[in-house]
Each structure stands twice: as structure tokens, then as C-alpha cells.
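Trainee: Hi! Could we go through this model together? I have a few quick questions.

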Amino acid sequence: MNRPAPVSARLPEFPWDTLDASATVAAAHPDGLINLSVGTPVDPVPQVIRQALADASDAPGYPLTAGTPALRAAISAWVARACGAGVDGLGVLPSIGSKELVAWLPTLLGIGPGDVVVVPSVSYPTYEVGVRLAGATAVRSDSLTSVGPNSRVRLVWVNSPGNPTGKVLPARHLRKVVDWARERGAVVASDECYLPLGWSAEPVSVLSPEVCGGSYDGVLAVHSLSKRSNLAGYRAGFVAGDPALVAELLAVRKHAGMIVPAPVQAAMVAALQDEQHAEEQRERYRARRETLRQAFDAAGFTIEHSEAGLYLWATRGEDCWETVDWLARRGILVAPGAFYGPAGEQHVRIALTESDERVAAVAGRLAER
């Protein structure tokens, strides 16, 4: 009996599994591991959010896939403030974190074999994973001119601030992407999870009028509260944009049971309505970024882009795995640039998500022989 090939056969090896050997070396350092790899938050969940979660914990009934009216209103208000979007005509929908939505968006949009999805040349691996899950074809490109007049393009991913590079795309570039996609009937999905973390450049949302022209037609913005509010463990994200596309996502997600738990929805409302905790967290990252940048500069690394976001994109002009090994012997674990595409093979990604104490110890580790 011939069985179909397992779905996992379509997918690459899970990248973080390949870092296990380096993690073991780094963890053996006498002073312990400094983990600058995955980028998982280490600071406490703000009390205002924890209280909202606890207050909503008596939730015996099924939650709304569309989100509660309070959550939809909070998302819309936050998008208006942070993205410069108008609330009128804006569709919003909560998601189980942003990674889930990224991975399943092509499938949810009906994209499949014969279709093309454009992803950035150096980018978050889950964009391509989502394309493979849908059976479509991924094209890595930062220039739509190089893609050509391809009528098979159904979806274009943009990411600003970029992961892993921290690069910020100017409004004029994003506007050209939106115009190009609209001419071909394609959707633009903008991953804006790091939008609140602009350092030397100010990120702009695809929902800004200077990018979308005041119309959300064919445009979706994906956001997350994982980094802004330390909610990676809550799996709290959302998508905003074209109301017709959002309605289609909702219709399919209802059938698939893709629902944010009710207590998490309440926590999201609290998180989105409170800017004080977000600004405090932003300042923590700003300080850690400056400490790490100075340390890696002094150690001879070149920092490229990194104008915004939660990472430094660094190189020593060698294969990224050599750099990973060099750092691991000093008890520092980073992500190899090869995780993010062939164009990243001489870089490493350095996360700002370690404790102040561990970040302060990096300079001394880098000076070790």
C-alpha cells in the first residue's frame, strides 16, 4: 500500500535543532550560557496583563474566533496609534501568535501548487515554510523588478523592521510593492512584529496612508505582542488590513478551530491599552542594544543594518558557523545567518533578549582567548 509522503518531507530541518551542538559547547562555559540566539523574552510579564489574564480565567465557554468586541476595538485603536491607520474600513483579527499566521497564511488564502509567493532574500524561515505547506513556490527577492511580470505571484511578504537584519524599508519602497501587487491582483503581507522598536530609523507600517494610499485593498499587516509586552508564552498576535481578506481568514479559521483562548484575549486588551509597560520594555532593549553593539564593535565585528528591531546583524567576514563556534567557545550562543537564507551565510544574528547581567558580561567574554 502506497502511503502519501509525510507533510514534514516538504519542510527543511527545523533550524534550531541544528544549533544543539553549539548550545552544548556554550553551556559548558565556566560562567554559564549567554543565550543571544532565539530571541525569547526574559523579562517579567507586566502585572497589568497578568491581572487581566487572571480575572478572565473563569472561561468555561468557547471563545470567539473573531475576538471579543473589546479586543477588536483595542486592536483597531492600537493600529490607529502605532501604524497611522484609519479605523474606518479596517479589518482586524486575533491570531495564536504571529508565527502560526505566517505559517498558514498562504493556505488560508487558497494559495497552492502553481502559485508563487515572494519572500525577502534574507528572512524569517517561516515565510518559506508556509509556502511549502501550501505546495506553492517561494521566490527569494528584495526587488520585484527581478521577479518580472509574473502573473503567478499571489502573495508578497515584506518585513520591516526586518528579522534578522533590523533593516527598515522606507515608505516609498513599500508603496512600490503595494502598487506592483495591486496591478497583479496579489496580496501584500507585511510582518510588522518589530514596528515599535525603531532605533536609528523610524519604521513605517504598510497600513500608513503614505504606503497604502488610504485603501487597505490587498494589504495585510501582521503584529505580535511577544516582544512588545513579553507575551511570547501567551501566543498573542493579530492581523489588520483588507476587511474582505480578514473576513476570509475568519471564515476558514472558524472551521479550523484557530481560536485565541478567552483569557489571552482579555490579556491582549490590557496590553494594547497600556503603553507604559511597552515603553519601559523598549528602554530595556535600547540599553542592551547599546551595550552589545559596543562590545561586538570592539571585538572586530561589523554591524550591518540593525536600525530597528530586536537583533544585531553582524559579520566577521567568514562562514557563519565559524563565527557561531568562536562565540560558543566563549559561552555565547547566537543564530547563524544561514538560517535566514543563502545571502546570510557570512552573518550571525545577535538577540537583545538576555538579562542585563548577562548582557553586561558579553564584552568580557569576547575578550577571552
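Trainee: Which residue in β10 is the bridge partner of T302?
Mentor: T302 has T315 as its bridge partner in β10. Keep in mind that this is a predicted model.

Trainee: Thanks! How many bridges join β9 to β10?
Mentor: Three bridges join β9 to β10, and the two strands run antiparallel. Strand β10 covers residues 311–315.

Trainee: And in what order do the strands of that open sheet come?
Mentor: The order is β9-β10-β13-β12, four strands in an open sheet with antiparallel pairing. The edge strands are β9, at 302–304, and β12, at 335–336, and each of them pairs on one side only.

Trainee: Zooming out, how many helices and strands does the protein have?
Mentor: There are 14 helices and 13 strands in the protein.

Trainee: What about the radius of gyration, how does that agree with a compact globule?
Mentor: A compact globule of 369 residues would have a radius of gyration near 21 Å, and the protein has 21 Å, so the two agree. Along the principal axes, the C-alpha atoms fill a box of roughly 60 × 55 × 50 Å.

Trainee: What share of the residues is buried?
Mentor: Buried residues are 55% of the 369. As for contacts with a separation of 6 or more, 77% are between residues 24 or more positions apart.

Key:
Residues are numbered from 1 along each chain as its sequence is written. This is a predicted model: local features need pLDDT of at least 70, side-chain atom pairs count only at pLDDT 80 or more; totals for chains, interfaces and linings use all residues. Side-chain values use heavy atoms; hydrogens and water are left out. The radius of gyration is taken over C-alpha atoms; the globule rule is 2.2 Å times the number of residues to the power 0.38. Buried means under 20% relative accessible area, exposed over 50%, partly exposed in between (1.4 Å probe, protein chains only). Contact means heavy atoms within 4.5 Å. Two strands pair if DSSP finds at least two bridges between them.
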